[in-house]
Amino acid sequence: MTVELKHIRAARERIAGKVERTATVLSQSLSDRTGGPVYLKLEHHQTTGAFKLRGASNAIAALSADEKSRGVVAASTGNHGRALAHAAKLEGIRAVICMSKLVSENKLDAIRRLGADVRIVGNSQDDAQQEVDRLVAEEGLVMLPPFDHPDIIAGQGTLGLEIMEQVPDAAAVLVPLSGGGLAAGVAAAIKGVSPNTKVIGISMARGAAMKASLDAGRPVQVEELPTLADSLGGGIGLDNQLTFAMCRDLLDDVVLLAEDEIAAGIRHAYGQEREIVEGAGAVGIGALLAGKPSTNGPTVLILSGRNIDMALHRRIVCGEAATATERVA
Ligand SMILES: *Cc1c(COP(=O)(O)O)cnc(C)c1O
């Protein structure tokens with residue numbers, strides 16, 4: 001089973017009016033630096049501050065009446081939980097969000113404010129997932145995972161359809177990569193419309209689970225470490241059903257960034273583009289600034305989210321912090 005262009009087109013119909021069609025703009029500063037036109041897909045302006053509302057809205061819209069009456073549950077490092085809480089509230093259904101202690105306060109508060117029931121469990125995404133499994137088994141809630149689910153992937157893929165309409169001659173699209181729901185959906189959409197457009201995943205070097213798994217040829221576990229790209233933290237699941245195979249088959253390359261390269265991306269977004277992005281949303285800019293990968297022709301970067309702790313953001317743009325652990329200094 002996989003997610004194809006037709007599923008992504010169906011998702012687009014389903015979520016029309018529930019999510020924003022975000023703008024794609026030319027970045028003069030990055031175009032000047034790289035020699036080719038560079039475009040920014042401003043998905044951090046999406047409602048809830050990240051693209052995750054696309055997948056969450058599609059998955060909730062696809063539930064049966066019985067499933068809606070039981071409510072939904074997910075493990076989330078923040079943005080998926082926030083998106084699910086928002087989409088569930090619109091539909092008037094119950095949402096329970098489980099997350100690890102690594103999640104920042106600002107993300108947690110935002111989810112609570114949306115009326116979801118928040119449970120903090122353990123030190124990793126995997127610990128949070130165990131609580132999800134318990135709620136599914138004991139309370140009958142419907143699990144909507146952050147990435148490894150066909151309706152989530154199809155919803156995220158709608159971003160790829162918009163990119164190809166906004167930049168039809170895109171030669172390469174740089175996609176932030178964690179569990180791979182975004183990369184799988186966007187790559188399926190883009191390869192479906194424009195097979196020669198390259199789709200490149202970008203992760204942080206600290207705890208890049210998908211990259212380690214692709215290298216190993218099967219899903220593997222990696223240690224979850226603090227990173228400025230906190231939305232990219234967490235494993236891909238050892239029993240991964242969809243995103244591992246899709247990323248293996250559809251991505252042209254995966255690039256890893258050091259923490260100071262992510263910080264440089266955040267700083268550039270703010271200083272040159274007047275955009276506030278979180279670490280995960282800045283990895284495309286960070287990759288181009290670091291000269292990896294070298295691109296040829298029109299390049300699109302997805303700014304995937306903006307939900308960063310503003311005290312940390314201030315320290316980064318002032319050049320005071322270049323790693324996630326410096327936030328407590
Ligand atoms: C979730 C998230 C990602 C990564 O998406 P995956 O589908 O897990 O690969 C990237 N950026 C932001 C802002 C996110 O919230």
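**Entry 1: the largest cavity**

I started with the largest cavity, which holds about 280 Å³ of space. This is a predicted model, so I read every value here as computed from it. My count came to three cavities of 30 Å³ or more.

Which residues lie nearest the centre of the largest cavity? I found Phe-51, Lys-52, Ser-178, Gly-179 and Ser-231 there, out of 27 residues in the lining. I also checked helices: α5 and α9 (181–193) each give at least two residues to that lining. By type, I noted 16 polar residues in the lining, with nine nonpolar and two charged.

**Entry 2: the largest pocket**

Next I turned to the largest pocket, with a volume of about 430 Å³. Its lining has 17 residues, and I wrote down Gln-129, Phe-147, Ile-236, Gly-237 and Asp-239 as those nearest the centre. Where does the largest share of the lining come from? I traced five residues to helix α7 (residues 125–139), and that is the largest share. The lining of this pocket divides into seven polar, six nonpolar and four charged residues.

I then went on to helix pairs. A packed pair is described by the angle between the two axes and the distance between them.

For helix α3 (residues 52–61) and helix α5 (residues 79–91), I have axes that come within 8 Å and cross at roughly 45 degrees. That angle makes α3 oblique to α5. I logged the crossing of α3 past α5 as right-handed. On the α3 side, the contact uses Lys-52, Leu-53, Ala-56, Ser-57 and Ile-60. On the α5 side I listed Asn-79, His-80, Ala-83, Leu-84, His-86, Ala-87, Ala-88 and Glu-91. Sorted by type, the residues of this contact are seven nonpolar, four polar and two charged.

**Entry 3: α9 and α11**

The axes of α9 and helix α11 (residues 243–250) come within 9 Å and cross at roughly 45 degrees. I therefore put α9 and α11 down as oblique to each other. What is the handedness of the crossing of α9 and α11? I have it as left-handed. From α9, the contact draws on Gly-181, Ala-183, Ala-184, Ala-187, Ala-188 and Lys-191, and from α11 on Thr-243, Met-246, Cys-247 and Leu-250. I sorted the residues of this contact into seven nonpolar, two polar and one charged.

**Entry 4: α12 and α13**

Helix α12 (residues 259–273) and helix α13 (residues 279–289) have axes that come within 7 Å and cross at roughly 100 degrees. I therefore call α12 and α13 roughly perpendicular to each other. Glu-261, Ile-262, Ala-264, Gly-265, Ile-266, His-268 and Ala-269 of α12 meet Gly-279, Ala-282, Val-283, Ile-285, Gly-286 and Leu-289 of α13. By type, I have eight nonpolar, four polar and one charged residue in that contact.

**Entry 5: two backbone details**

The peptide bond from Lys-292 to Pro-293 is cis, and I read its omega as near 0 degrees. I placed Pro-293 in the loop between α13 and β10 (299–302).

Thr-48 also went into the notebook: its phi is near 75 degrees, a positive value in a residue other than glycine. I located Thr-48 in the loop between β2 (38–41) and α3.

Definitions and conventions
Residues numbered from 1 in each chain as written. Predicted model: local features only at pLDDT ≥ 70, side-chain atom pairs only at ≥ 80, totals over all residues. Heavy atoms only, no water. Axes fitted to C-alpha atoms, helices over the stretch in contact; angles between N-to-C directions. Helix = DSSP H or I, 4+ residues; strand = E, 2+ residues; numbered from the N terminus. Parallel < 35°, antiparallel > 145°, perpendicular 65-115°, else oblique. Left-handed = near helix turned anticlockwise from the far one by under 90°. Contact = heavy atoms within 4.5 Å. Nonpolar A, V, L, I, M, F, W, Y, C, P; charged D, E, K, R; others polar. 1 Å grid on protein atoms, 1.4 Å probe; cavity = no way out; pocket = protein on both sides within 12 Å on 5 of 7 lines; lining within 4 Å. Points joined across faces, edges and corners; volume = space filled by probe spheres on them.
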